[in-house]
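Try each task yourself before you read the solution.

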Amino acid sequence: MALDLETRNQLIETIRRFVAERLRPMEAQTADDNLVPDEIVAEMRDLGLFGLSIPEEFGGLGLSMEEECLVGVELGCTSPAFRSVIGTNVGIGSQGLVMFGTDEQKARWLPGVASGEIITSFALTEPEAGSDSAAVQTRAVLDGDAYVLNGSKRFITNAGKAHLFTVMARTNPDVKGGSGVSAFLVPRDLPGLTVGKSEKKMGQQGAHIHDVIFENVRVPVENRLGGEGEGFKVAMQVLDRGRLHISSVCVGVAERLIADCVAYANERKQFGKPIAEFQLIQGMIADSKTEALAARALMLETARKRDAGETVTLEAAATKYYASEMVGRVADRAVQIFGGAGYVADYGVERLYRDVRIFRIYEGTSQIQQVIIARETLKRGG
Ligand code: COS
């Protein structure tokens with residue numbers, strides 16, 4: 001349900017202030033410690049950020065996709081590691097449950113997800129199933145009143161803190177593709193479930209990814225999400241939505257970097273004047289601004305279409321493709337405008353340059369987005 005304009009503006013303003021006053025001063029420290037401080041997580045809870053996308057009847061803010069994207073842009077104006085804390089609860093970790101959960105499943109978990117007491121995580125990727133996500137090998141075998149899960153998942157965001165996983169596992173080994181896959185809601189405390197170490201990454205220090213291993217984990221039948229064989233479609237629909245959310249963060253980081261570039265270019269003097277007066281610098285700023293505006297427009301248009309009930313598989317893929325590539329270019333130009341200062345840690349630009357690299361990879365690589373865009377365009381005939 002959409003908010004009235006005044007409430008929406010208040011929400012955006014509150015988050016903008018939180019980002020400026022609380023998160024931005026903590027960016028470098030968070031990266032150095034590889035940890036988002038507990039007090040920041042508690043403040044995010046108090047602001048309702050874990051429940052942005054959870055329906056109001058379960059204690060969330062019930063934002064529309066457009067509103068969620070506007071919030072995502074604000075959260076993108078700081079280190080994306082902060083957004084990652086709430087990212088799975090707002091997006092891929094909760095949306096299978098929101099879209100396909102039974103009344104009982106929703107009533108059991110969504111209030112805790114909305115408040116942030118329950119951290120959720122989305123376990124699709126495996127060592128041998130990355131871009132080819134229909135190839136999942138984790139097995140789920142029905143045995144009486146439970147499915148027995150065996151297998152392992154890789155690069156699972158927030159797995160270290162998660163209380164509840166949405167797990168895609170193969171229930172039909174005779175079917176190679178997606179229609180042999182089912183989705184399950186798997187509480188962390190079930191015996192046989194273990195979480196591996198936090199991986200060392202290129203960027204977004206403070207956000208964590210882990211392996212998740214299942215050894216004879218008995219998942220009650222009532223925890224299946226959707227019907228048998230529907231798990232792949234659950235995952236794809238969750239990702240359609242997730243790709244829009246990621247796009248909004250890309251737009252936010254780009255806007256932040258452009259503002260940083262303008263401030264630096266006005267202050268930094270060479271050849272006797274601010275480098276902002278040189279047209280080659282202006283050209284880079286103009287390219288970044290144009291592309292950020294284009295990504296924002298595409299994101300909003302797609303979000304509004306989704307809110308109107310349209311299927312946006314193509315548009316969400318196109319938005320994610322464009323926005324994630326765009327922020328990579330913007331970050332590269334930012335390093336160039338900052339020059340030597342862009343390469344050293346103190347200015348934060350090199351950190352954001354590393355942080356944004358993952359946007360072209362997770363929730364579907366740029367190449368997978370191209371595949372989806374081309375397939376859908378060919379299907380539509382133009
Ligand atoms: N919404 C609803 N249904 C969808 C769908 C979507 N967005 N995408 C695919 N499906 C359905 C198809 O309609 C098809 O249904 P039928 O069997 O009834 O015809 C079924 O799912 C299989 O789809 P498809 O044939 O397109 O599957 P493929 O294996 O060829 O390819 C891609 C699917 C490559 C698009 C998919 O594997 C993908 O998105 N990969 C990237 C995964 C990813 O983003 N990983 C990141 C990890 S999570 S952070």
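**Exercise 1.** Find where glutamine 204 sits, then say whether glutamine 204 is buried or exposed.

*Solution.* Step one: look in the loop between β6 (193-195) and β7 (209-220), and you'll find glutamine 204 there. Strands (E, at least two residues) and helices (H or I, at least four) are DSSP runs, numbered from the N terminus. This is a predicted model, where local features need pLDDT of at least 70, side-chain atom pairs count only at pLDDT 80 or more, and totals for chains, interfaces and linings use all residues. Residues are numbered from 1 along each chain as its sequence is written, and side-chain values use heavy atoms, with hydrogens and water left out.

Step two: glutamine 204 has a relative accessibility of 5%, so it counts as buried. Buried means under 20% relative accessible area, exposed over 50%, and partly exposed in between (1.4 Å probe, protein chains only).

Step three: check the backbone, where phi of glutamine 204 is near 50 degrees, a positive value in a residue other than glycine. Most residues other than glycine have a negative phi.

**Exercise 2.** Work out what phi asparagine 34 has, and where asparagine 34 lies.

*Solution.* Start with the angle: phi of asparagine 34 is positive, near 55 degrees. Next, the place: asparagine 34 belongs to the loop between α2 (27-33) and α3. Last, the surface: asparagine 34 has a relative accessible area of 30%, so it is partly exposed.

**Exercise 3.** Describe helix α9 (residues 279-307) by its reach, its buried residues and what covers them.

*Solution.* First, the reach: α9 has 29 residues and spans 41 Å from its first C-alpha to its last, close to the expected 42 Å. That expected span is 1.5 Å times one less than the number of residues.

Second, the buried residues of α9 include Ile281, Ile285, Met299 and Leu300. Third, their cover includes α4 (65-75), α8 (231-267) and α10 (313-338).

Finally, glycine 309 follows α9, and its phi is positive, near 95 degrees.

**Exercise 4.** Which residues does glutamine 369 touch, not counting residues up to four places away in sequence?

*Solution.* Begin by placing glutamine 369 in helix α13 (residues 366-380). Its relative accessible area is 0%, so glutamine 369 is buried. Now list the contacts (heavy atoms within 4.5 Å): glutamine 369 touches Arg243, Ala317, Lys320, Tyr321, Glu363 and Gly364. To finish, compare C-alpha atoms: glutamine 369 and threonine 319 are 50 residues apart along the chain, with 9.1 Å between these atoms.
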